[in-house]
Amino acid sequence: MKINFLPINFYIQNRSKVNTPLKPLEYDSFSKDVSFKADYQCSTTCFRVKTLKNMHCPICNKLMLNQNQIDEFINNAYNKKGNDLIAALEKLENEKDIIGKKQGKPIPVYRKSEQEVVEIIKELAVRYPDKDIAELVKIEGSKHIKPLIESYDSIIRQAKRFIRINIVNEDDKKLILDKLDIELRRLKRKAKGNDGCAKPIIYQIVRLVKNNNLKMNFYEILSKLPSPANDCDCFFVKYSKLQKNDSKEIAGALVKSHLPTAEHINLYGVGGSNSLRNYICDCFYCNNERDFLPFHIWIESIPNLEKNLNNYLKTVQKAAYQGRIDRRYLEYIDEVIDQIDKLSYGKVKLSHPGVV
């Protein structure tokens, strides 16, 4: 899901290059927000929860870094070389005030794919101490095209096998298999070209599966398709092809997934409002990975969601009582609990954190 995007029909028509035109996305009839006792209109940029430091994403539970922390990392890393670059990359891993603990052990700040990228850049910085981060990524990029394409092949092959086994209707089966072939060619063409990688159009294909249980299983397969945020090979292929050696952009890409965003609980493109009651603060990675999935479908693939969301609400309440955000966010807690209950069709039951 893009944070401020055009209407869904426009987005699909311009993004899809498949031969058969796609119909508008179909959602359940429940698409309008319910009425609340207070409706605070609020743009995504003014959602103050995003400014809090060291929150954990209520979706994936990874550490989020606010804009000031992201900017600090970029300024420390983008123009450094050699040992100074290595030190800047390791600083984020070693800052005790931002590293949480689980069962007494530090929780890694970087995601798995980010850590892989960082380790490669650190090795390159030792070998090429006179080059900055953009130059190092450019040196490394071509090595990752072949394994990236192999990943595309492997995952699409799994997806096609799933469709052949589970879809009975021959016309539906042929349509989905054709879409997968077209998507695979598109992804390969982009990876081999000069303009980086394409984002997989996962939900456009998933929605063609009519059975909801099969749809979720199919989604889990296609969600493994590489992107720069979740795959080391895709990261190097994309950022080695920048027209300019933009070190700031590459440094930012290493931590961009941790940036807090205003996630519309009920998608903005299908009637969700820009108001406090319709936001949760999740990381850029989860916001982007959701794409256009309706809330009740999206949450099916999220483990520990209730626990993470309850911890999120406690953090918001504490910040409001401490004056770090406006006290109206105390009322926001009740409203977002109600909103999530309705849009999850009762599957997610949250509790008020109580008085602190």
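A salt bridge is a side-chain nitrogen of Lys or Arg within 4 Å of a carboxyl oxygen of Asp or Glu. The model is predicted, so local features need pLDDT of at least 70 and side-chain atom pairs count only at pLDDT 80 or more, while totals for chains, interfaces and linings use all residues. Residues are numbered from 1 along each chain as its sequence is written, and side-chain values use heavy atoms, with hydrogens and water left out.

**View A. Salt bridge between Asp-338 and Lys-342.** The N to O distance is 2.5 Å. Both residues belong to helix H15 (residues 328-343), 4 residues apart, about one turn of the helix. Helices (H or I, at least four residues) and strands (E, at least two) are DSSP runs, numbered from the N terminus. Asp-338 is partly exposed at 27% relative accessibility, and Lys-342 is partly exposed at 29%. Buried means under 20% relative accessible area, exposed over 50%, and partly exposed in between (1.4 Å probe, protein chains only).

**View B. Salt bridge between Arg-290 and Glu-263.** The closest N and O atoms are 3.0 Å apart. Arg-290 lies in helix H12 (residues 284-290) and Glu-263 in strand S3 (residues 260-264), so the pair ties together parts 27 residues apart in sequence. Arg-290 is buried, with a relative accessible area of 0%; Glu-263 is buried, also at 0%.

**View C. Salt bridge between Lys-210 and Asp-172.** The side chains meet at 3.3 Å, N to O. Lys-210 sits in the loop between helix H8 (202-206) and helix H9 (212-222), and Asp-172 in helix H7 (residues 170-192), so the pair ties together parts that are 38 residues apart in sequence. Lys-210 is exposed at 65%, whereas Asp-172 is partly exposed at 21%.
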